[in-house]
Amino acid sequence: MSMSESERTTGPCPALDCQWVIDHLQAFLHDELGEEQANAFRHHIDACDDCMEQADIESTISHLLHRCYPPAHVSETLRARVGALRVTL
Ligand SMILES: [Zn+2]
């Protein structure tokens, strides 16, 4: 069963799995992560569809709740997807 070992659905960075991303999503959205962690976070959601989806939902809600808070640290890909998501809200 050594094959399943390499097929674990962890993120691209071994130190940063999906659970970590979900747990720190709010902190990321509120710019409370350090620069290194924020970079790792962006790197993960860029490569991980599951977390991208979570981030889409959370950041859209956050954006709606804090309209005057510009999502300056959100990647362009995420911003585009949030823009698309808003149409369906
Ligand atoms: Zn992930």
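These are my notebook entries on a predicted model of one protein.

**Overall fold**

I began with the secondary structure and counted six helices and zero strands, which read along the sequence as α-α-α-α-α-α. I then looked up burial, and found that of the 89 residues of the protein 15% count as buried. For the contacts, I kept those with a separation of 6 or more, and noted that residues 24 or more positions apart account for 56% of them.

**Confidence**

Among the elements, I found the lowest mean pLDDT, 45, in helix α1 (residues 3-6), and the highest, 91, in helix α2 (residues 18-23). Over residues 2-7 the pLDDT stays under 50, and I found that the model has zero contacts beyond four places in sequence for this stretch, so I read helix α1 with caution, given its mean pLDDT of 45.

**The nonpolar core**

Which residues make up the largest nonpolar core? I listed nine residues in all, namely Val21, Phe28, Leu29, Ala40, Phe41, Ile45, Cys48, Cys51 and Ala55. When I sorted them by helix, α3 (25-29), α4 (35-47) and α5 (49-65) each supplied at least two residues of this core, and α4 gave the most, with three.

**Ala27 in helix α3**

I next turned to Ala27, which lies in helix α3. Is Ala27 buried or exposed, or does it fall in between? I put it down as partly exposed, because it has 14 C-beta neighbours inside 10 Å, whereas a buried residue needs 20 or more and an exposed one has 12 or fewer. Not counting residues up to four places away in sequence, Ala27 touches Glu32 and Leu33. I also took the distance from Ala27 to Ala38, eleven residues apart along the chain, and their C-alpha atoms are separated by 9.3 Å.

**The annotated span**

Last, I looked up the record: an unreviewed UniProt entry carries the annotation "domain: Putative zinc-finger" over residues 18-51. In the model, the end C-alpha atoms of residues 18-51 lie 7 Å apart, and I noted that the span is 79% helix and 0% strand.

Methods: Residues are numbered from 1 along each chain as its sequence is written. This is a predicted model: local features need pLDDT of at least 70, side-chain atom pairs count only at pLDDT 80 or more; totals for chains, interfaces and linings use all residues. A nonpolar core is a set of buried Ala, Val, Leu, Ile, Met, Phe, Trp, Tyr and Cys residues joined through C-beta atoms within 7 Å. Helices (H or I, at least four residues) and strands (E, at least two) are DSSP runs, numbered from the N terminus. Two residues are in contact if their C-beta atoms, placed from the backbone, lie within 7 Å. pLDDT is the predictor's confidence in each residue, from 0 to 100. UniProt positions are given in the numbering used here, feature names are shortened, and annotations may be inferred rather than shown by experiment.
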